[in-house]
Structure formats: structure tokens, C-alpha cells
Amino acid sequence: MKRFLIFSNYLPHVLNFRGKLLASIAQLGYEIHVVAPALEDYATDHNTLKGLGYHVHQITMQPVGTNPIKDIKTLLASYQILNKIKPQYVLAYTIKPVVYGTLAAWLAKVPYRFVLISGLGYTFQQVEETNKRSVFQRFVHALYQQALAKSSKVFFQNKDDLNLFKKLNIVQSTIPTVVVNGSGVDLHDFEVLPLPRDECNRVKPSFLLIARLLKDKGVLEYIEASKRIKKDHCNAEFHLVGWIDDNPAAIEQAQLDQWIANGDITYWGKLSDVRPAIAASSVYVLPSYREGTSRSVLEAMSMGRAIITTDAPGCRETVVSGKNGYLVPVQAINELTSAMRQFIDHPYLYEQMGLASRNIAVDKYDVKKVNTQMIAEMGLG
């Protein structure tokens, strides 16, 4: 029996971000195995995966933090699981699964070991701009380097990340690399919906950000822009979907509470289905400092929403500035506010640019096209 195993550090993301890929691989006759931590916390996702006929395995893993003893335990547990299942193919994404899952797969003599770099996170912040790395960053990058040296192929979601890995010698020239268009988006799940309108049938100036509530997602810039626009346009709406986790870049709960109390935003909390929030918005905003390729941007594009995002890796690829939205510099509140005002001052742009977003999603980001490329590159067909 052909076996395909995927390593993840967060079970709900397996269905949300890799579900269509796994379904396509299963249709090719592969037995699917999923390895992730804290299964007891995500019973619904666990049961859904089992209902699809997949085998789900618990692993001890600290999603963030660098406790050497715990990380060695993760490596050993990964090896034991792999040695028992004996898959022919392994795919790992996010830092700890990439590092310890790939090294364990090499030790267990798994023939084909693939890595997906779906984003770089805080361990790569400011490295590209300053060309300097802290001791901690060098340590993490060295772990990446060791793991990628044992991989069969590395997938990147944008060229900037690939070029940075090459510049830092994290991925060696002997390791094959491929750039794919993010995780893709299901065009049928995220169909075009009408723009929200007021009682006079005018499109509402309604903006939306969906993200983990981290500073490097541009949350602070988004809030400041909302405050500035609300001074002149009290009918403008600013929606926020997301949650606070234990990431070092997370905002404080007290700060979020203050924004809500002041009426700076309409806070939706964490959503398992973001489509109602996108439907309530006319423009999607992501002022992120860096992405792999943002899935939420692709979902908003597929639903026919104009995009404002940054001219940063993993963001700039989704927008043709002036066609389906606007690109603004990172951490540039003035330019972000100005881009939002363009829609308020020229309401015809909501629909015009939203349609352009949908067309780009169809041409470039259809999940079927992305998965077909990945399956071919992994030699699964």
C-alpha cells in the first residue's frame, strides 16, 4: 500500500489549508497519515479526518519555543511513528514539523521527503533589510539548513522566500526547489457574493482584516488607519477577525479590549468559516510585513473583493496595483489610509477591482491548479 504522511503543528490547519491536497492524493490510491500534536483539543477535526479514512497520529510537540529536551523528544517520537508506518512520501510544513519531521524521515529512510515553506515568521524578521541575524535566528536557520539538506525537494510560496533562503545558504543549490502559488483557493467554496450595501443601495465602505493578532500582520497599522478615516467618515466600517496566541509578536488582550470599547473595530473573534465576514466587507486589507502567500487574501479575491496589502514578500504577488487593489509600503500608515480613501472617494472601484480580483484568483490561484502542480512535482501521479 502506498502511504503518504503529512506533518503539521496545528490539526485544524490540515483540513483548512491542506484538505484539498490530501483528498487529491487519496484519490490516487494513497493511504493518508496525519501527524499533529494536541489531538484531544481538536476532537471535531480529528473525527472529520478519521471519517475521511485518514489515519491520525498524536505527537508531542511544542508549537513555539526552543526547549531542547522537548524538541529532542519530538524528533524521537517522529522517528518512531515513521518507522512504524513506513510511508514512501512525507510532506512537512511550519518550522518544527519541517525541522524534526524531515530529519526523522531521513533517519527512518523514508524515500521521498518534501518540505513546504508556507511562511517565515518572526525568526526571519528584519533579516532581509538589515542583513544581520541574532544568535537565536542563526540557531533556527541552522536547524532549517540541516533539515532542508535532507529533503528531496522544497516548495516555496513566493520567490522572495526562495531567494532569501538561497542568500542565507539555508537551502543548498543541490536541493531542488519549486515555487507554487500559495495554498490555492477553492473557487466553488468561495464564490462571488454581492457587496454589502446601505439603505440607499450604495456600497458600504466596509474594510476587513483576518489574521492572527500579531504586530507583524499589520494589525496596529490597520487600527490606526481606521481611527483616521472614522474622523471624516463615521459610516465606514472596520472589521477584524482573529485571535491572540502565545507568539512573541502578539498584541495584548487589553489593547484589543480597548479597540472594541472605543468602537475602532467590529471584532468577530476567531471564525471557523470566514465567508460571512468577507461577505460583510467590500475591501479586504492585509498590511502584513511578510507572508508565504496569505490564504485569507486569496479567499477574499475569490469572493470578488478588492485588496489592499503591502509591497512585501507573499503579499505583492496577489495585487496588480490599480487593477484589483493597491500595494502600500510596510508599516506606512499614511499610504494605507490613502488607499482606503480611494475606495470611499471613488465607489465604483469596489465592484471594478473586486471583479478583477476574482479573475486573478481563477487564472492563478485555483486550488486544483496548485495541487496538480504539487502532486506532479512530488511524483505521486
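**Close-up views**

View 1. Lys-20 has 40% relative accessibility, so Lys-20 counts as partly exposed (buried is under 20% relative accessible area, exposed over 50%, partly exposed in between, with a 1.4 Å probe and protein chains only). A friendly note before going further: this is a predicted model, in which local features need pLDDT of at least 70, side-chain atom pairs count only at pLDDT 80 or more, and totals for chains, interfaces and linings use all residues. Residues are numbered from 1 along each chain as its sequence is written, and side-chain values use heavy atoms, with hydrogens and water left out. Lys-20 forms a salt bridge with Asp-189, and the closest N and O atoms are 3.7 Å apart (a salt bridge is a side-chain nitrogen of Lys or Arg within 4 Å of a carboxyl oxygen of Asp or Glu). Lys-20 lies in helix H1 and Asp-189 in the loop between strand E7 (177-179) and strand E8 (206-210), so the pair ties together parts that are 169 residues apart in sequence (helices, H or I with at least four residues, and strands, E with at least two, are DSSP runs numbered from the N terminus). Asp-189 is partly exposed as well, because its relative accessibility is 35%.

View 2. Lys-204 counts as partly exposed at 27% relative accessibility, and so does Glu-237 at 24%.

View 3. The salt bridge between Arg-275 and Asp-273 brings their closest N and O atoms to 2.9 Å. Arg-275 is partly exposed, with a relative accessible area of 31%, and Asp-273 is partly exposed too, with 30%. Elsewhere, salt bridges that share partners join Lys-20, Asp-186 and Asp-189 into one network. The whole structure holds 16 salt bridges.

**View 4. Tyr-30 against Tyr-89.** Rings of Phe, Tyr and Trp (its six-membered ring) pair if their centres lie within 6.5 Å; planes under 30 degrees apart count as stacked, over 60 as edge-to-face and the rest as tilted. By this rule there are twelve aromatic pairs. One of them is the edge-to-face pair of Tyr-30 and Tyr-89, at 5.7 Å centre to centre and 80° between the planes. Tyr-30 lies in the loop between helix H1 (11-27) and strand E2 (31-36), and Tyr-89 in strand E4 (residues 89-93), so the pair ties together parts that are 59 residues apart in sequence. Tyr-30 is buried at 6% relative accessibility, as is Tyr-89 at 11%.

**View 5. Tyr-326 against Phe-343.** These two rings are also edge-to-face, with 5.6 Å centre to centre and 75° between the planes. Tyr-326 belongs to strand E13 (residues 325-328) and Phe-343 to helix H12 (residues 333-345), so the pair joins parts that are 17 residues apart in sequence. Tyr-326 counts as buried at 16% relative accessibility, and Phe-343 is buried with a relative accessible area of 0%.

View 6. Asp-160, Asp-161, Leu-162, Leu-164 and Phe-165 are buried in helix H7 (residues 159-167). Phe-165 also joins Phe-124, Tyr-144 and Phe-156 in a cluster linked by ring pairs. Just after H7, Asn-169 adopts a positive phi of about 60°.
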